[in-house]
Amino acid sequence: MYPTLELQLINKFDIVCFQETKLDDIDIIDCENFIFKYKNRKKISNYKSGGIAIGYKKYLEHYITVIESECPFVFWFSVKKEIFDFQENVIFGITYIPPENTNYASDEAFSEIEFEFQNFSKNNDYMCLLGDFNSRTATLKDFHEIEDTDDTQFNDISDINVFSDICILDDMNISRCRKNPDTIVNKYGRKLIEFCKNNNMFILNGRFGKDSIGRMTCKNKSVVDYIICTCNVLENILDFEVQEFCRLFSDVHSPLSLTLSCKNKKHSDLATNNFTPKIGKWKCKKTLDFRDNLDGEMIEKLFFKIQSLHNAKENAQKPEVDEVVFDLCNILLKSAETTFGLTSNKAHRHSKKQWFDLKCLKAKKEFRKSKRLCKKYGSNIFKERLRVSELSYKKTMDNAIVRFNTDFRNKMKNMRTKNPKEFWKLFHGNRQRDISKIPLQTLVDFFKDLNTNKDHSDDFVITNEINSDEVNEMINKEITADEIRKAVKKSEK
């Protein structure tokens, strides 16, 4: 895993979901503070492809449960209701539907997902699907309207809301119509719309949060990645965003981010207790705001303290001076906190990846510099510079990984015969030996109990019926030359 992916994307979130992971059953994702679970694709070719994965922070270990299922297109997991203070657990499905006209494409993909979805939704109203659907929906409506229900059984029903939760969007002032810059509709797009209508699911893209304007999610040309959910989940969403595309994260897709409200303060604290907040950076344009936010009452009290110390400066004590300095710092810090806000004070960590060499570090610095310049000026020149540095950084890291793996394999081959001790040391790496959690006294008591005579019988006798002469003759028998030759031949093999 690239260090930039770990630091700039993954660590910002509590739960991360991936599609097209291209992993197999022996691959391991090593990411500090995260636990990963996978659903790998069964191979058709000799190349790794497809696959779905979920990663979540370790403090959520007892609140997230992976749900096994047969459908290869979705990876289900549930989050306990205590996290969000909901009435029921929330069930998420990470979805990856292969593109049309590929070896892995299936016309039954939506049917298989819907079958499992309906099994879960029988006992749960909090459902959410997210991922790469390879569906282009344009602005097709994802809910039933009156003209859609022309069957005779609906003729006497005046309120279409019996069949749809569309009124929830109206109550939340969310537009019924989605904004979508992608005007094309494909076969999978129609199937996704039908899925939403059948199951009272709503598409967040183009109607919610920062993406209410509608943004492309793939190659800056199409919208194929979605988050869809039931109205119960919709009522607890704080934000939804299509983030900036970066080649370090994906070849063609932009990341989607979803923020849910965490009403339970206990679990909200768990997510933030690892970081100490710090005041944001100074901004010259907010100088006047900083001055206006200074507490006049506290300044007046401080002035009197300083004046009294000045009048009695010959008798001033160190604790009194320290108190004045502390009050002064407190006034300035409170104003700065109000003006510039607080940020998480995450310690800067250099990459611990063994393959991350000086060339990678140099390419990383150039990439970050280009990113800052592009953000500041935004012209086409700096956008092109960012694109080039992004590709160069990715290529440099890929080459470093290949070199490291080649050198590592050669090193292991040589050590296996020439230096076995170092071979096994390198093989195990920094793996620590598991330490037993059983208290020593428990072991002592167990063996004491094992050696006691529970029958309490005085005539308990251990008999020894072994013929010592026969044993001595067998043990002390001379070893013949033929036996030695046979033993040598076996050891050579």
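**Close-ups of a predicted model**

**View 1. Isoleucine 64 has valine 79 of strand S5 as its bridge partner.** This is a predicted model, in which local features need pLDDT of at least 70 and side-chain atom pairs count only at pLDDT 80 or more, while totals for chains, interfaces and linings use all residues. Numbering starts from 1 along each chain as its sequence is written, and side-chain values rest on heavy atoms, with hydrogens and water left out. Helices (H or I, at least four residues) and strands (E, at least two) are DSSP runs, numbered from the N terminus. Strand S4 (residues 64-67) runs antiparallel to S5, with four bridges joining them; for two strands to count as paired, DSSP has to find at least two bridges between them. Six residues sit between S4 and S5 in this hairpin.

**View 2. Strand S5 (residues 74-79) is largely enclosed by the rest of the structure, because six of its six residues are buried.** Here buried means under 20% relative accessible area, exposed means over 50%, and partly exposed is in between (1.4 Å probe, protein chains only). Val74, Trp76 and Ser78 point one way from S5, and Phe75, Phe77 and Val79 point the other way. On to the next strand: S5 and S6 run antiparallel and are joined by six bridges, with phenylalanine 77 standing opposite phenylalanine 92 in S6.

**View 3. Six strands make an open sheet in the order S4-S5-S6-S7-S9-S8.** Pairing in this sheet is mixed, and S4 and S8 are the edge strands, each pairing on one side only. S7 and S9 run antiparallel through five bridges; glycine 131 has tyrosine 226 of S9 as its bridge partner. Two helices lie across these strands. H3 lies across S4, S5, S6 and S7, at about 15° to S5, while H5 lies across S7, S8 and S9, at about 10° to S9. Angles run from 0 to 180 degrees between N-to-C directions, and the axes are lines fitted to C-alpha atoms, for helices over the stretch in contact.

**View 4. Helix H5 (residues 187-199) has the length you'd expect: its 13 residues should span 18 Å at 1.5 Å a residue, and its end C-alpha atoms are 19 Å apart, which agrees.** That expected span is 1.5 Å times one less than the number of residues. The buried residues of H5 are Tyr188, Gly189, Leu192, Ile193, Phe195, Cys196, Lys197 and Asn199. They pack against helix H3 (109-121) and strands S7 (127-132), S8 (202-203) and S9 (225-229), contact being heavy atoms within 4.5 Å.

**View 5. Phe92, Leu204, Leu234 and Ile237 touch the most other members of the largest nonpolar core, which has 37 residues.** A nonpolar core is a set of buried Ala, Val, Leu, Ile, Met, Phe, Trp, Tyr and Cys residues joined through side-chain atoms within 4.5 Å. Strand S6 (residues 90-96) supplies the largest share of this core, four residues. Apart from this core lies another, of 26 residues, including Phe73, Val74, Tyr188 and Met201. Zoom in on leucine 204 and you'll find it touching Ile227, Cys229, Leu234, Ile237, Phe240 and Leu258, leaving aside residues up to four places away in sequence.

**View 6. Three strands form an open, antiparallel sheet in the order S1-S3-S2.** The edges are S1 (15-19) and S2 (34-39), each pairing on one side only, and the twist averages 15° from one strand to the next. S2 and S3 (residues 52-57) run antiparallel, joined by six bridges. Tyrosine 38 stands opposite alanine 53 in S3.

**View 7. Helix H12 (residues 380-418) and helix H13 (residues 420-428) cross at roughly 140°, and their axes come within 6 Å.** H12 and H13 are therefore oblique to each other: under 35 degrees is roughly parallel, over 145 roughly antiparallel, 65 to 115 roughly perpendicular, and the rest oblique. Contacts on the H12 side include Phe408, Met412 and Met415; those on the H13 side include Pro420, Phe423 and Phe427.

View 8. Most residues other than glycine have a negative phi. Asparagine 101 lies in the loop between S6 and H3 and counts as exposed, at 80% relative accessibility. Asparagine 134, in the loop between S7 and helix H4 (166-171), counts as buried at 15%.
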